Amino acid sequence: MSHSSSSSTQVLDRDKVLHAYCETMKKKPPTSRLFFFDYDGTLAPIVPNPPDAKPSPKVKEILSKLCKVDGNYVYIISGRDRKDLEDWLGDLDVGFSAEHGCFLKLLQKESSHTASTSSEDEPNGAHEKNEWIDIPKEKGMDVSWVPNVLSVMKEFCSQCPGSAIERKTYALVWHYRNAQSSSNPEGLAVKLADSLNSIDAGHFNVINGKKNVEVRPSGINKGTIVKELLSRHCHDNLEFVLCMGDDTTDEDMFQQLSKEKGVPNLFTVRVGEESTSASSCLERQDEVIQVLEMLATSECT
C-alpha cells in the first residue's frame, strides 16, 4: 500500500470544506452529500479499554444535525462489530458498515431508494427491510481459515501477558495495547503478522493496526464498502463527499475515493501524523469534531 509522506499532506482547509458544503445546498435541482466516518480515533478518541469508547453527547448531537439535512447521507464505516455500532448510534439516522466492510446496513431512506432502483437479480431482501447485509455470506466466501488463525493468535497471547483476542463474526483481532512492555508486544505483532501471512492461501488479509493485528476475509475492506455506496448514489446528483479516518484500514477508503472523478467536492482526511493517501490531514481527533460541528451548525443548513 503506497502512501504519500505526512509532511507532503496538506492540512485540511476548513473554509474550503464549509464553502463547498454550503454551495451544494443552493443548487437546483437538489444535490446529495455523502459522509464516511471511521469511529475509533475519528469520532471518538482511542481508549485503553475499547468498550469505554462510547460516543459523547456532543458527537451524537452533531451527527443528528447532519443527518436531518435533506440530501445528507451519513455512514459510520468501522471495524467495530454490529452490536457496538447499533447500541451506541442506532438511534440516529445513520448507515453502518461493521467489521471493516463485512456487514452493511443502509439508511432507511436509502434502502427504500435502493429497492425501487435496483436490478431484479440483486439480493434485495435485507436491503428492503433495512437489515444488516452479510457480505461474506452473500459472496459465498470461504472462512474455514478461522480456527487455524485463532490457534496461532492464542500462541502469541500466551507469550504476551495483557494481550487479548477479540472474536467478531468474521474477523479476529489480537489486541496488545494493554500488554506488558517487557514482552516486546510490538515485536511480537510483527512476528504474528508474518506467521499468519505464511499460512494464508488467499482467503484472508492481515492488517497491522493501532496496537492490534487483525485478520479479516480477503476482498472485503472499507474501500469496497465506499465503492458500493458510491454506486448507489451515482444517479443522485452527488456533489460532496467527506471521508475521515485515522488508521491503516481507512487508507482503503482514501484510495478508493482517489479514483472517483465524478464528485466535484471530495475531501479525504487522515487524522494523525502517519503517511497517507488522503488528500489532507488533521493532527488531532478533537479537530474532527470541530470540523463536523462547523458543518452541522453552519447557516447554510
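**Sheets, helices and a salt bridge**

Tutor: Four strands make up an open sheet, in the order S7-S8-S10-S9, with antiparallel pairing. This is a predicted model, where local features need pLDDT of at least 70 and side-chain atom pairs count only at pLDDT 80 or more, while totals for chains, interfaces and linings use all residues. Residues are numbered from 1 along each chain as its sequence is written, and side-chain values use heavy atoms, with hydrogens and water left out.

Student: What makes S7 and strand S8 a pair?
Tutor: Two strands pair if DSSP finds at least two bridges between them. S7 and S8 (residues 172-175) have four bridges, in the antiparallel sense, so they pass that cut-off. One example is Ile165, whose bridge partner in S8 is Trp174. The names come from DSSP runs numbered from the N terminus: helices are H or I with at least four residues, strands are E with at least two.

Student: Which are the edge strands here?
Tutor: Strand S7 (164-167) and strand S9 (204-209), as each pairs on one side only. Neighbouring strands of this sheet are turned by 15° against each other on average, direction ignored. Helix H7 (residues 146-159) packs on the sheet too, touching S7, S8, S9 and strand S10 (212-217), and its direction makes about 5° with that of S8. Touching is contact, meaning heavy atoms within 4.5 Å.

Student: What is the order of the open sheet of nine strands?
Tutor: The order is S1-S13-S12-S11-S2-S3-S4-S5-S6, and the pairing is mixed. Strand S1 (10-11) and strand S6 (133-134) stand at its edges with a single partner strand each, so one side of each has no neighbour in the sheet. Strand S11 (residues 238-245) and strand S12 (residues 265-271) run parallel and are joined by six bridges. Within that pair, Met244 stands opposite Val269 in S12. Helix H2 packs on this sheet, touching strand S2 (32-37) and strand S3 (72-77), and its direction makes about 140° with that of S3.

Student: Why are H2 and H11 called oblique to each other?
Tutor: The axes of helix H2 (residues 57-67) and helix H11 (residues 285-296) cross at roughly 40° and come within 9 Å. Axes are lines fitted to C-alpha atoms, for helices over the stretch in contact, and angles run from 0 to 180 degrees between N-to-C directions. Under 35 degrees counts as roughly parallel, over 145 as roughly antiparallel, 65 to 115 as roughly perpendicular, and the rest as oblique. H2 and H11 are therefore oblique.

Student: Which residues of H2 and H11 meet?
Tutor: Lys58, Val59, Ile62, Lys65 and Leu66 in H2 meet Ile289, Leu292, Glu293, Leu295 and Ala296 in H11. They divide into seven nonpolar, no polar and three charged. Nonpolar covers Ala, Val, Leu, Ile, Met, Phe, Trp, Tyr, Cys and Pro; charged covers Asp, Glu, Lys and Arg; the others, Gly among them, are polar.

Student: How do you know that Glu239 forms a salt bridge with Lys27?
Tutor: You need a side-chain nitrogen of Lys or Arg within 4 Å of a carboxyl oxygen of Asp or Glu. For Glu239 and Lys27, the closest N and O atoms are 2.8 Å apart, so the pair counts as a salt bridge. The pair links distant parts of the chain, 212 residues apart: Glu239 is in strand S11, and Lys27 is in the loop between helix H1 (14-26) and S2. The structure holds 20 salt bridges.
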